[in-house]
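I opened the model to look up its strands and its surface charge. My entries follow.

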Amino acid sequence: MGPPGVAGIGPDHRNGCATSMPHTKTAEDGAERVQANGATPGTNVDEETQKLGQRIRDLRLKAGMTLTDLAKATGVSIGTLSQLERGLVSPTVRTVYTVAAAFGVMPAWLIDPSSSKPTESRYIVRAGERSQLLDLDGIRKDVASPVASKRLRGFFMAIQPGCNSGAQPYTHKGEEIGFILSGALELQIDGETFMLYEGDCFAFSSDKPHRFANSSARPATVFWVNADI
């Protein structure tokens, strides 16, 4: 379905459905990254950012973890984690996801605890609480699987007419299976092209070259699962 981190979108994904997204600098590594609230480190960090930092600290202490432990579990530097806990910087989207996964809670709960119960969020993802992983070039991808699932990741995908995963097929590790919820999807697997319609299901090994496209006149929605096998 896609390379690690952006499963379902090929490495050369380009088409005429482009949308722009704001970028800001973060303290994590100085690189440009998408931020949900557009805050810049050191300038007017708001109260919500401070509350988020306090939640991260509380979860860490409750789990009996040091900053070093959390840094190893997330791949985020100790310095950045310390700044986040003190509310000095706004986290990147990637950091929110990795920190939430380390604590076994949904990213949405970490940002807004009133959005769901922490215990439930480990096993359940409500229809209105899916975390958006991607919304780019006419393809939207939401995480539909709870954090309790380690080897299986389920996604709700919406592909607009004329949009696709890229001009060239791509490969990666694992296996995948999908179910067409609505519309039609053109799926290419190892040189063969298949037209799938509402109610159809597919499965294949991810190491086979594959790509997808919506060549119809209406949006297509798919429940797509990647297995880390």
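In which sense do strand β4 and strand β5 pair, and over how many bridges? I find β4 (residues 139-143) and β5 (residues 152-159) antiparallel, over five bridges. I take strands as DSSP runs (E, at least two residues), numbered from the N terminus, and two strands as paired if DSSP finds at least two bridges between them. Alanine 158 in β5 is the bridge partner of arginine 140.

This is a predicted model, so I note its limits: local features need pLDDT of at least 70, side-chain atom pairs count only at pLDDT 80 or more, and totals for chains, interfaces and linings use all residues. Residues are numbered from 1 along each chain as its sequence is written, and side-chain values use heavy atoms, with hydrogens and water left out.

Next I traced the sheet. It is open and has six strands, in the order β3-β4-β5-β11-β6-β9, with antiparallel pairing. Because β3 (131-136) and β9 (201-205) are at the edges with a single partner strand each, one side of each has no neighbour in the sheet. On average, neighbouring strands of this sheet are turned by 20 degrees against each other, direction ignored; the axes are lines fitted to C-alpha atoms.

I then turned to the hairpin of β7 and β8, which has two residues between the strands. β7 (residues 184-189) pairs with β8 in the antiparallel sense over six bridges. Leucine 185 has leucine 196 in β8 as its bridge partner. In the turn, aspartate 190 has a positive phi of about 50 degrees. Glutamate 192 lies in β8 (residues 192-197).

Notes: Helix = DSSP H or I, 4+ residues; strand = E, 2+ residues; numbered from the N terminus. Axes fitted to C-alpha atoms, helices over the stretch in contact; angles between N-to-C directions.
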